[in-house]
Amino acid sequence: MANAVNVTILYCQLCNFRHLALKIADALLDKYGPDAYRFSVTLRPGDEGVFEVFVNENQIFSKKDAGRLPESREIINLVKI
C-alpha cells in the first residue's frame, strides 16, 4: 500500500482566506475521496497574510514566495498520491 498523504493548508483568518482554504480542501477531497484511507486534509488558521500548503510537511505553495494566492486546480496538480 502507498504511503499516506497529509495535506495541511495554513491560511490567514484575519484576511478571510478561510473560504479559499475550504474550497481547495473540498476540491482535494472530491478528487481523492475514494482514497480517503490514505489521504487527509487539515486546515490551520494563521495570521499576517499567510497562505501555505504542505504535503507531508513539505511546502508546495507559499503566497509569500508566489506573490499571490493559489488557484484550486494549481494545488490539485501539485498534490500526488
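Predicted model: local features only at pLDDT ≥ 70, side-chain atom pairs only at ≥ 80, totals over all residues.
User: What makes strand 3 and strand 4 a pair?

Analyst: Two strands pair if there are at least two bridges between them. Strand 3 and strand 4 are joined by 4 bridges, so they pair. They run antiparallel. Val53 stands opposite Phe61 of strand 4.

User: How do you know what span to expect of helix 1?

Analyst: The rule is 1.5 Å times one less than the number of residues. Helix 1 (residues 18–32) has 15 residues, and 21 Å is expected. From first C-alpha to last, the helix reaches 21 Å, close to that expected value.

User: Which residues of helix 1 are buried, and why are they said to lie on the same side?

Analyst: The buried residues are Leu20, Ala21, Ile24, Ala25, Ala27, Leu28 and Tyr32. They cover an arc of only 160° around the axis, which puts them on the same side of helix 1. The face turned away from that buried side carries the exposed residues His19 and Asp30.

User: What covers the buried residues of helix 1?

Analyst: The cover includes strand 1 (5–12), strand 2 (39–46), strand 3 (51–55) and helix 3 (72–78).

User: How many aromatic pairs does a search of the whole structure find?

Analyst: The search finds 2 aromatic pairs.

User: Why is the pair of Phe17 and Phe51 called edge-to-face?

Analyst: Ring centres must lie within 6.5 Å to pair, and planes over 60 degrees apart count as edge-to-face. The centres of Phe17 and Phe51 are 6.2 Å apart and the planes stand at 70°, so the pair is edge-to-face.

User: What does the pair of Phe17 and Phe51 tie together?

Analyst: Phe17 lies in the loop between strand 1 and helix 1, and Phe51 in strand 3, so the pair ties together parts that are 34 residues apart in sequence. Buried means under 20% relative accessible area. Phe17 has 13%, so it is buried. Phe51 has 1%, so it is buried too.

User: What makes the pair of Tyr32 and Phe39 tilted?

Analyst: Planes under 30 degrees apart count as stacked, over 60 as edge-to-face, and the rest as tilted. The planes of Tyr32 and Phe39 are at 40°, with ring centres 5.0 Å apart, so the pair is tilted. Both Tyr32 and Phe39 are buried.

User: Why does Thr8 count as buried?

Analyst: The cut-off is under 20%. Thr8 has 19% relative accessibility, so it counts as buried. Thr8 is in strand 1. Leaving aside neighbours within four places in sequence, Thr8 is in contact with Thr42, Arg44, Glu52, Val53 and Phe54.

User: Where is Gly49 found, and how do you know that it is buried?

Analyst: Gly49 is in the loop between strand 2 and strand 3. Its relative accessible area is 14%, against a cut-off of under 20%, so Gly49 is buried. Not counting residues up to four places away in sequence, Gly49 touches Cys12, Cys15, Phe17 and Lys63.

Conventions
Residues numbered from 1 in each chain as written. Heavy atoms only, no water. Helix = DSSP H or I, 4+ residues; strand = E, 2+ residues; numbered from the N terminus. Buried < 20%, exposed > 50% of the residue type's maximum accessible area, 1.4 Å probe, protein only. Arc of directions from axis to C-beta. Contact = heavy atoms within 4.5 Å. Phe/Tyr/Trp six-rings, centres within 6.5 Å; stacked < 30°, edge-to-face > 60°.
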